[in-house]
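Open the structure in your viewer and keep the selection tool at hand. The stops below say what to select next and what is there.

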Amino acid sequence: MTSQPTGGTVLELRGVGVSFGGLVALEDVSLAAAAGTVVGVIGPNGAGKTTLFNVVCGFVEPNAGAVLFEGSPLRPRPHRLASQGIARTLQGVGLFRGLTVLENVMAGATHSARAGLVSAMLGLPRSDRDERRLRDEAMTLLDELGVAEHARAWPDTLPYAVGKRVALARALVARPRLLLLDEPAGGLGGDDVDELAALIVDLPARASAGCSVMLVEHHMDLVMKVCDQIVVLDFGRVVASGTPGEIRDNPAVAEAYLGAEVQS
Ligand SMILES: Nc1ncnc2c1ncn2[C@@H]1O[C@H](COP(=O)(O)OP(=O)(O)OP(=O)(O)O)[C@@H](O)[C@H]1O
Ligand SMILES: [Mg+2]
């Protein structure tokens with residue numbers, strides 16, 4: 001857990017509702033994520049976690065309520081998220097197969113830097129200095145995440161846990177102020193989950209790209225370990241919200257999970 005001084009609210013949802021046809025996926029969901037913290041969204045299958053994630057990414061447009069980023073209304077556009085100060089990793093790994101690890105991370109940079117990369121790949125004139133700076137930043141991130149030795153490798157050849165770290169580096173290279181992680185521990189074994197937990201806890205305080213984090217996750221151990229605040233969804237509604245300790249002791253949460261997973 002981080003003990004960062006909080007600098008206001010980075011992300012706020014006010015009364016967000018999403019329906020798919022007749023099915024209500026989210027109803028009157030409100031939450032506030034303090035800057036410099038890690039917020040976890042948990043809940044049983046079908047609770048609306050991915051839908052909430054997709055609302056913040058702009059994949060799903062809510063039919064009620066508002067989303068605010070750093071105090072201003074956010075109209076998220078998936079392809080413009082990076083320039084809006086938000087980055088995400090998707091479930092699984094999702095690296096570009098035709099690019100090396102280093103190029104994958106460079107491709108995650110902000111819009112303007114990406115234009116540089118595209119021109120680089122097309123052999124167009126470009127600023128060598130920008131290119132070099134971006135390359136250095138990408139290498140630094142790979143190094144910080146402990147996977148620099150794989151910089152020249154192709155994604156297909158990477159162990160799964162390494163691929164997940166590369167995807168994290170790609171999200172961080174854009175220097176997001178909010179990082180959204182969809183099931184970051186999905187498919188990882190015990191030791192890898194512990195290492196990932198240590199990485200996530202450090203994100204808000206990182207010198208180069210300190211940012212707030214919101215993660216959607218099934219892995220209760222990880223959530224309990226890394227989150228400052230946890231929001232519990234059940235049937236599309238917020239049934240509890242609080243610190244890991246409060247959530248662990250909350251009967252409504254135990255009920256949502258039928259008492260099973262919560263007893264980590
Ligand atoms: N595009 C869609 N069209 C119709 N219904 C959807 C769509 N996306 C999600 N749903 C429904 O909305 C509800 C919430 O789904 P969501 O995927 O957000 O849950 P979840 O908490 O992420 O579940 P899981 O833990 O299984 O990933 C579910 O009943 C789901 O079937
Ligand atoms: Mg989901």
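Start by selecting A66, which is partly exposed because 13 other C-beta atoms lie within 10 Å, a count between the limits of 12 or fewer for exposed and 20 or more for buried. Keep in mind throughout that this is a predicted model.

Show the strand around this residue: A66 belongs to β4, which covers residues 64-69. Which residues does A66 touch, leaving out those up to four places away in sequence? They are R14 and P73. A66 and V29 are 37 residues apart in sequence, and the C-alpha to C-alpha distance is 9.7 Å.

Next, select D28. This residue lies in strand β2, residues 23-34. Check its backbone angles: phi is positive, about 50 degrees, although D28 is not a glycine. D28 counts as partly exposed because it has 15 C-beta neighbours inside 10 Å.

Go on to E183, in the loop between β7 (178-182) and α7 (190-202). Here too there is a positive phi in a residue other than glycine, with a value near 45 degrees. Is E183 buried or exposed? E183 is buried, because 20 other C-beta atoms lie within 10 Å.

Now select residues 49-57, which form helix α1. How many of the nine residues of α1 are buried? Seven of them are, and the helix is mostly covered. Colour the buried ones: K49, T51, L52, F53, N54, V55 and V56. Then step to G58, which follows α1 and has a positive phi near 90 degrees.

The last stop is the interior. In soluble globular proteins, nonpolar side chains tend to be buried together. The largest nonpolar core in this model has 72 residues. Select V105, L178, L179, V213, M214 and V232, the residues with the most contacts inside this core.

Which residues are in contact with M214, leaving aside its neighbours within four places in sequence? They are L11, A33, V39, V41, L178 and L180. One of these, L178, is already in your selection, as it is among the residues with the most contacts inside the core.

Notes: Residues are numbered from 1 along each chain as its sequence is written. Chains are lettered from A and ligands numbered from 1 in the order in which they are written. This is a predicted model: local features need pLDDT of at least 70, side-chain atom pairs count only at pLDDT 80 or more; totals for chains, interfaces and linings use all residues. Helices (H or I, at least four residues) and strands (E, at least two) are DSSP runs, numbered from the N terminus. Two residues are in contact if their C-beta atoms, placed from the backbone, lie within 7 Å. A nonpolar core is a set of buried Ala, Val, Leu, Ile, Met, Phe, Trp, Tyr and Cys residues joined through C-beta atoms within 7 Å.
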